[in-house]
Amino acid sequence: MAISSSVANAINSLTAALTMRNVFWASWPRRVPLSETELVVRALQESCQPASLSLAEWDLLIRQGRRANLLGRLAIGLSRANTLLAVPAQPRMHLISAAKMAERQNLAIRWEVSCIAEALASAGVDLILLKGAAYVMAGLPTAEGRTFSDVDILVPKEQIEEAESALMIHGWQGAHHDAYDQRYYRQWMHEIPPMLHVRRGTTIDVHHTILPETARVKVNTAALFEDPLPVAGFSNVHVLKPIDMVLHSATHLFHEGELDNGLRDLFDLDSLFRHFGDDASFWTGLLPRAEVLGLHRPLYYAIVFARQMLDTPVPPTVIAALPGIAPGPAVRWLMHFCYARALRPNHASCHVRGAWLARKALYIRAHWLRMPFFLLVRHLTHKALLRPPKDERAPAPERQGL
């Protein structure tokens, strides 16, 4: 009788374990067919024709493109290929709207940059535009169809106070007033708190370097200010040199913890590689410059994942030199596991098995790279335990697109 009872208990335990296993795997993101997962990538690489897609596929493509912030880029690509009119009317309206939004923003950013330049000129401060604003003002193809929510500028650290004061006089105000947040930005980060214009609602991020001062990767910031390229029509506005622009884009992507725009940023790198790569001196100077700036590791990831996911052309000589800046085998495998899953549109159709875990791991990695361990624990503890309840916090200022 005791034996029968033990057997019954064992069977019940096994049944319960199998049930829990089935529940676990049912909740785990399932691998979707490659054609669905890669739909927006295939469309942007012009490997599929509009007429070959059904309305259901267009619906999925529009959703993926919007979640990845790539819809405007897709519209520009189809228009340049003279295939936009072949797109069915319903999705075509979404594409045209995205292209017009990007075009409007490109016009608005020129006005915004002129206002920033005027404000900083009054204080004798030169600035370097970064990321989206730099692509627009430099007239790069990377800017076509691209949208962004703020203007990022780089100024010398010794002039950060003059820059902030001049911007405040011209209508920008700090968006963070909490004493801890002020200390977090000013003492540990690579920028002052974001500034919001009181009338236009536009946001500017004022940087004095491109990675936090507490970061494990130490950037040779002084080298970034060596001979930046002037922007036509301005006496105090510049952009980074082509190689530095690529290295900053790579650093931004592969130190970022939230990758909702990760695929867009990878397409930015692909565009920059293709555009600047027409000049052979770009490739010969790329790795040596990365060593000078201390950014060889993000460059490695940029080249590897751009080639693997977007077929970015890279000269064999550069590929042959990559082992010299590569991490160890275990880290390479882990980064491939994570980024191959995270550099996708954050849409249900693109959630392959392990995507949630990969995004969480990269979020933790970004914080680990940003701060020393004890400072990180202190920061996360403050954010988790000492912030007021959500319903008691002051409403965050609304960010208006440019």
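Reader: What makes S4 and S5 count as paired strands, and what do the two form together?

Author: In this predicted model, which asks for pLDDT of at least 70 for local features and 80 or more for side-chain atom pairs while totals for chains, interfaces and linings use all residues, strand S4 (residues 195–197) and S5 pair in the antiparallel sense over 2 bridges. Together S4 and S5 form a hairpin with 5 residues between them, and Gly 201 in the turn has a positive phi of about 75 degrees. Residues are numbered from 1 along each chain as its sequence is written, and side-chain values use heavy atoms, with hydrogens and water left out.

Reader: In what sense do S2 and S5 pair, and over how many bridges?

Author: Strand S2 (residues 150–154) and S5 pair in the parallel sense over 5 bridges, and Leu 154 has His 207 in S5 as its bridge partner.

Reader: How do you know that S5 is mostly covered?

Author: A residue is buried under 20% relative accessible area, exposed over 50% and partly exposed in between, with a 1.4 Å probe and protein chains only; by that rule, 5 of the 5 residues of strand S5 (residues 203–207) are buried. In a regular strand the side chains alternate between the two faces of the sheet. In S5, Thr 203, Asp 205 and His 207 are buried on one side, and Ile 204 and Val 206 are buried on the other, so both faces are covered.

Reader: Why is H12 described as largely enclosed by the rest of the structure?

Author: Because 13 of the 15 residues of H12 are buried, this helix is largely enclosed.

Reader: What lines the largest cavity, and which helices supply at least two residues each?

Author: The largest cavity is lined by Lys 131, Tyr 135, Arg 146, Ser 249, His 252, Asp 265 and Asp 268, with helix H7 (131–137), helix H11 (242–254) and H12 each supplying at least two residues. On a 1 Å grid over the protein atoms alone, a cavity is a set of points where a 1.4 Å probe fits but cannot get out, and lining residues have an atom within 4 Å of a point. About 40 Å³ of space lies in the largest cavity, a volume being the space filled by probe spheres set on the points.

Terms used:
1 Å grid on protein atoms, 1.4 Å probe; cavity = no way out; pocket = protein on both sides within 12 Å on 5 of 7 lines; lining within 4 Å. Helix = DSSP H or I, 4+ residues; strand = E, 2+ residues; numbered from the N terminus. Pairing = 2+ DSSP bridges.
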